[in-house]
Amino acid sequence: MGPVALPAWLQPRYRKTAYLFIYYLIQFCGHSWILTNMTVRFFSFGKDSMVDTFYAIGLVMRLCQSISLLELLHIYVGIESNHLFPRFLQLTERIVILFVVITSQEEIQEKYVVCVLFIFWNLLDMARYTYSMLSVIGTYYSVLTWLSQTLWMPIYPLCVLAEAFAIYQSLPYFESFGTYSTKLPFDFSIYFPYVLRLYLMMLFIGMYFTYSHLYSERRDVLRVFSIKKKKI
């Protein structure tokens, strides 16, 4: 007897496709819920909704950003085609701002910059995860492809500026409360506001590398897409 053929859904290629589709779908649903919630709250409560944005949707945002760390594993094991370092920089920016700066300081959670950041992050992720979710099953739309590869161009620099402003606003609170500052043996100490100031410089350096990578990726994706359209 010859070898028994596996059902299509058990073959490695289909398992990879199914896994990535489910992952992108989960992220899409999470960010859709966040953006919808923010929109409804704004039209219901106006500017007052911006003050308690973190309290209303912070948990879901932290969950989505935590799950996004899986993307580094996806790239490392080869189930997602992307460059590891630029993606690492993008994820690090959000993790540091969300978990280290915003979550640790309640005074920052009430600032308007948190609402602005969440809007920017969700606009980018909604376009990216929608495109990725459909492309993994071989479905492409011209408008969506262009949007996912273009929306970041004005929004990503604004994200970095908002992140830098959030750090700037948090510095007095880190200085006052001494959060994350610690004394080490042999008269050494870590003064966390200095660490944040150093990270501010690294943030803009990282933005240059990330922007360059995203621009190159946009050029390649749109070129390949235009070739596919001509063949069709």
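Residues count as buried under 20% relative accessible area, as exposed over 50%, and as partly exposed in between; the legends below use these words for a predicted model.

**View 1. The salt bridge between Arg223 and Asp220 in helix α10**. Arg223 has a relative accessibility of 44%, so this residue counts as partly exposed, and Asp220, with a relative accessible area of 32%, is partly exposed as well. The closest N and O atoms of the pair are 3.2 Å apart. Because Arg223 and Asp220 are three residues apart in helix α10, which spans residues 192-231, about one helical turn separates them.

**View 2. The salt bridge between Asp125 and Arg128 in helix α7**. Here too the partners are three residues apart, about one turn of the helix, and their closest N and O atoms are separated by 3.7 Å. Asp125 is buried, with a relative accessible area of 3%, whereas Arg128 is partly exposed, with a value of 23%. Both residues belong to a network of salt bridges that also links Glu71, Arg87 and Arg94.

**View 3. The salt bridge between Asp52 and Arg41**. The two side chains meet with an N to O distance of 2.4 Å. Asp52 lies in the loop between α2 (48-51) and α3 (53-67), while Arg41 lies in helix α1 (residues 12-45), so the pair ties together parts that are 11 residues apart in sequence. Asp52 is partly exposed at 30% relative accessibility, and Arg41, at 17%, counts as buried. In total, the structure holds eight salt bridges. Side chains of opposite charge can pair when their charged atoms come close.

**View 4. Ser135 in helix α7**. Helix α7 covers residues 112-135, and Ser135 is buried within the model, its relative accessible area being 18%, because the cut-off for that word is under 20%. A polar atom of the Ser135 side chain lies 3.1 Å from the backbone oxygen of Ser132. The C-alpha atoms of Ser135 and His213, residues that are 78 positions apart along the chain, are separated by 20 Å.

**View 5. A nonpolar patch on the surface**. The patch is formed by Tyr19, Leu70, Leu73, Tyr76, Val77 and Leu84, which together have about 590 Å² of accessible area. Helix α4, made of residues 70-77, gives the most to this nonpolar patch, with four residues; Val77 is one of the patch residues and lies in helix α4.

Key:
Residues numbered from 1 in each chain as written. Predicted model: local features only at pLDDT ≥ 70, side-chain atom pairs only at ≥ 80, totals over all residues. Heavy atoms only, no water. Patch = residues over 30% accessible without salt bridge, like charges linked within 9 Å, V, L, I, M, F, W, Y side chains within 5 Å. Areas by Shrake-Rupley, 256 points an atom, 1.4 Å probe, with all protein chains shown as cover. Salt bridge = Lys/Arg side-chain N within 4 Å of Asp/Glu carboxyl O. Helix = DSSP H or I, 4+ residues; strand = E, 2+ residues; numbered from the N terminus. Buried < 20%, exposed > 50% of the residue type's maximum accessible area, 1.4 Å probe, protein only. Polar contact = N/O pair within 3.5 Å; in protein donor to acceptor, adjacent residues only side chain to side chain.
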